[in-house]
Amino acid sequence: MIRVENLIYRYDAGAPDCLRGVSLEIPEGIHTALIGPNRSGKTTLIKHLNALLFPAAGTVCVDGMMTTDASSVREIRRRVGMVFQNPESQIVGMTVEEDVAFGPENLALPSAEIRRRVDACLAMVGMKGFEKRAPHTLSGGEKRLLSIAGVVAMNPRYIAFDEPTAYLDPAGKQRVLEIIRRLNREGMAIIHIAHDMRDVAEAHRVVVMDRGRVLLTGTPAEVFGQAERLTAIGLDGLPGKGGR
Amino acid sequence: MIRLGQYLPGDTIVHRLDPRVKILSVVALSLLIFAATPVEIALISAFLAAVVRAARMTPAQAAGALRPVAVFMAMIFFVHLFFTEGQPLLSLAPLPVRITQEGLLRGIYVTWQFAGLILAAAVLTWSTSPSELVGGIERLLRPLSRVGIPSQDLAVMIAMALRFMPMLLEEYDRLRMAQMARGADFTTGSLALRTRAVAALAVPLLLSAFHRADELAVAMEARGYRRGPRTTLRELVFSGHDLGAFAVIGILILAAMIIKG
């Protein structure tokens, strides 16, 4: 369980608060969708979940460990994986397999175990045979899949995806959504930032953010039932009926 | 796209050697070449030629490795040719230089030495993937971590620099296209104008590089990168071939010592 309580955050002293008192619980094994207009604080929020950002006030607690406790940071980052919006700038390795190995290497796992995870994760995202390719020779969609494999290889309990279907063609989108579904079926908790509400129709829970606060929480049916409130903050209404 | 390090994947015995063995061999060969007499240089050249062949490199590729340093090699040659005292072959009066027999021989010898050094290094980068190279350097430097030199951090830094190169080139292309689409002209006009057009790319390119570096650092942190114990996907293990290669280099060094007396 990740427990966020009264989280307040601002990027620079004197700047307006980016998160203005967010409280949220993210249980294990659940697919949580996070939606909201630009600048509502979604990305800032998920960066708190694995101790990349630290609260100005309030707390973030992962499985009982405070993110502000320096001795827990390593374990928190192992438990909470993070797939960023731009796959380009999160690929570290000089080859595909080395990139997937980067996380497990940081966990100081034995070589044989790293090899096993690299193979399993590349197979999972359908990139078997790409092992020796250099990242800059991959297509945008392949880079996206690689960034997911690199996070899954750390075997986290929770994975936060920041708009994982951005810039992808329809087939690529379906592929990524299918991977997310599969990871969730296998027991991983998913935190999924999305703009296109059709992407999150099958989430267990939808959290709507607006201007640094949680506006609504509920099942997709409950949330999308409140079409006026969603339109009021600039979001489309029902999935499938939206204006896109 | 520029191929960095010019790694040419292959499955020859040279490719399969442990990167540490190759790095140390290049160091040893370089020392040998520096200390070599003309006769020894010929022997080492024959050895290098055999290695190039074993790595399935063509003579054209070998010549290609020397091309970027051709001007430098020519300079070395001519400096020795013109400025060595000795038996004059040709006087270039009224110029204050003349060509001597010693100068000619010395020029050939030093240039050959230099070519040998470049070729030895080229075989290393041809036959070793950048990551193997970085891994090898890291392992060789590891004893230094006891005196406070962070060999793993150094290795990651080199790897990041190599990873960034193609990224920056792509970014440069993207920025150039974006400016061309808005009417910038990089191909016509005076040299000064073109220079200014390219210079206008430098600032956005630099900004984007910093931005990328920032994002990459965050992504690395998110995936658990911190100082401290790490393991690697591929562990370097010495094989019989590696020991064989060491033996060959050892024999070369011994031979050189015996010749010198």
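Predicted model: local features only at pLDDT ≥ 70, side-chain atom pairs only at ≥ 80, totals over all residues.
Me: Why are helix 5 and helix 6 of chain B called roughly antiparallel?
Reply: Helix 5 (residues 70-82) and helix 6 (residues 101-127) of chain B pack at an angle of about 155°, with their axes 7 Å apart. Helices are DSSP runs of H or I with at least four residues, and strands are runs of E with at least two, both numbered from the N terminus. Axes are lines fitted to C-alpha atoms, for helices over the stretch in contact, and angles run from 0 to 180 degrees between N-to-C directions. Angles under 35 degrees count as roughly parallel, over 145 as roughly antiparallel, 65 to 115 as roughly perpendicular and the rest as oblique, so the angle of about 155° makes helix 5 of chain B roughly antiparallel to helix 6 of chain B.

Me: What makes up the contact of helix 5 with helix 6 of chain B, by class?
Reply: Two residues are in contact if their C-beta atoms, placed from the backbone, lie within 7 Å. Residues of helix 5 of chain B, including Phe77(B) and Leu81(B), meet residues of helix 6 of chain B, among them Val110(B) and Phe114(B). By class, this contact of helix 5 with helix 6 of chain B has nine nonpolar, four polar and one charged residues, where Ala, Val, Leu, Ile, Met, Phe, Trp, Tyr, Cys and Pro count as nonpolar, Asp, Glu, Lys and Arg as charged, and the others, Gly among them, as polar.

Me: Why is helix 3 of chain B described as roughly parallel to helix 6 of chain B?
Reply: Helix 3 (residues 38-54) of chain B packs against helix 6 of chain B at an angle of about 25°, with the axes 10 Å apart, and that angle makes the two helices of chain B roughly parallel. Helix 3 of chain B contributes Ile44(B) and Leu48(B), among others, while helix 6 of chain B contributes residues including Trp112(B) and Leu119(B). The contact of helix 3 with helix 6 of chain B divides into 11 nonpolar, three polar and no charged residues.

Me: Which hand does the crossing of helix 3 and helix 6 of chain B have?
Reply: The crossing of helix 3 and helix 6 of chain B is left-handed, a term used if the near helix is turned anticlockwise from the far one by less than a right angle, with right-handed used if clockwise. Helix 5 of chain B, by contrast, passes helix 6 of chain B in a right-handed crossing.

Me: Why are helix 8 and helix 9 of chain B called oblique?
Reply: The axes of helix 8 and helix 9 of chain B come within 10 Å and cross at roughly 135°, and these helices of chain B are therefore oblique to each other. Helix 8 of chain B passes helix 9 of chain B in a right-handed crossing. The contact includes Tyr172(B) and Leu175(B) of helix 8 of chain B, and Leu205(B) and Arg212(B) of helix 9 of chain B. The residues of this contact of helix 8 with helix 9 of chain B divide into eight nonpolar, two polar and three charged.

Me: What makes strand 2 and strand 5 of chain A edge strands?
Reply: An open sheet of four strands in chain A has the order 2-1-4-5, with antiparallel pairing. Strand 2 (19-26) and strand 5 (65-66) of chain A each have a single partner strand, so one side of each is left without a neighbour in the sheet.

Me: How do you know that strand 4 and strand 5 of chain A pair?
Reply: Two strands pair if DSSP finds at least two bridges between them, and two bridges join strand 4 (residues 57-62) to strand 5 of chain A. Cys61(A) has Met66(A) in strand 5 of chain A as its bridge partner.

Me: How many residues of chain B are in contact with chain A?
Reply: In chain B, 27 residues are in contact with 31 residues of chain A. Helix 9 (191-222) of chain B is one of the elements that give two or more residues to the side of chain B touching chain A, and helix 9 of chain B supplies the largest share of that side, eight residues. That side of chain B divides into 13 nonpolar, four polar and 10 charged residues.

Notes: Residues numbered from 1 in each chain as written. Chains lettered and ligands numbered in written order.
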